[in-house]
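This report looks at a pocket and the ligand that goes with it. Take a look at the sequence and structure first.

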Amino acid sequence: MKRIIIFYSYSNNTRKIAEKIHEKYGYDMVEIKPVEDYSTDYQKVVDSEEKLVPLDYQPDIEKLDIKIANYEEIILCTPVWWYSVASPVNTFLHNYPLKGKTIIPVATNGGWLGRTFENIEKITGANIKNPISLKFEGDRLINLYDFEDWLNNLEQKEQ
Ligand SMILES: Cc1cc2nc3c(=O)[nH]c(=O)nc-3n(C[C@H](O)[C@H](O)[C@H](O)COP(=O)(O)O)c2cc1C
């Protein structure tokens with residue numbers, strides 16, 4: 001069963017998580033990149049996305065250099081933005097053929113996960129498996145042990 005890690009990260013928490021999964025299992029990994037860079041002013045992004053996320057905003061993203069059909073399972077790593085997936089991830093979910101695939105969602109957040117997992121399922125029609133919510137305080141992962149446990153069991157849970 002072939003897996004790929006697909007991630008987006010604005011302030012690098014999710015990038016570090018995706019890289020840890022990649023280091024342990026060597027799955028292919030690709031990054032979702034918005035065509036237009038976000039402002040480096042964190043608060044500005046938080047404020048503008050507060051209006052955009054509820055409008056189902058889908059910013060343009062660069063074409064991913066992969067064939068989804070080659071993979072059965074997608075480990076989707078996303079920050080939570082306003083109780084859902086980050087907007088560039090929203091674009092990805094709407095534009096790639098994910099119906100019937102299995103998505104393992106990894107959502108980094110500050111403690112308010114909202115409807116992130118439900119929305120991933122609703123948008124894609126994919127099957128959601130082994131979702132994990134990773135809570136950060138700034139760049140510090142609070143539930144590190146949950147992550148380590150999840151990571152160690154990522155392949156065993158298959159058999
Ligand atoms: C635009 C924006 C909206 C956010 N909304 C939420 C939220 O609804 N709930 C939450 O717990 N954290 C929220 N956060 C915090 C991020 O989810 C958290 O810091 C995450 O780990 C950032 O991942 P990254 O460093 O990979 O970008 C938000 C951050 C940003 C920039």
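## The ligand and its pocket

A polar side-chain atom of Ser11 lies 2.5 Å from an oxygen atom of the ligand. The model is predicted: local features need pLDDT of at least 70, side-chain atom pairs count only at pLDDT 80 or more, and totals for chains, interfaces and linings use all residues. Residues are numbered from 1 along each chain as its sequence is written, and side-chain values use heavy atoms, without hydrogens and water.

| Residue | Protein atom | Ligand atom | Distance |
|---|---|---|---|
| Ser11 | polar side-chain atom | oxygen | 2.5 Å |
| Asn13 | polar backbone atom | oxygen | 2.8 Å |
| Trp82 | polar backbone atom | nitrogen | 2.9 Å |

On its own, the ligand has 640 Å² of accessible area, and the protein covers 93% of it. Such areas come from the Shrake-Rupley method with a 1.4 Å probe.

Where does the ligand sit? It sits in the largest pocket, meaning that more than half of its atoms lie within 2 Å of the pocket's grid points. A pocket is an open set of points on a 1 Å grid over the protein atoms alone, with protein on both sides within 12 Å along at least five of seven lines; lining residues have an atom within 4 Å of a point. About 570 Å³ of space lies in this pocket. Of its 22 lining residues, Tyr42, Val80, Trp81, Asn109 and Gly110 are the closest to its centre.

α1 (13-25), α2 (42-52), β3 (73-81) and β5 (102-109) each supply at least two lining residues. Helices (at least four residues) and strands (at least two) are DSSP runs. The largest share of the lining, four residues, comes from α2.

Methods. 1 Å grid on protein atoms, 1.4 Å probe; cavity = no way out; pocket = protein on both sides within 12 Å on 5 of 7 lines; lining within 4 Å. Points joined across faces, edges and corners; volume = space filled by probe spheres on them. Polar contact = N/O pair within 3.5 Å; in protein donor to acceptor, adjacent residues only side chain to side chain.
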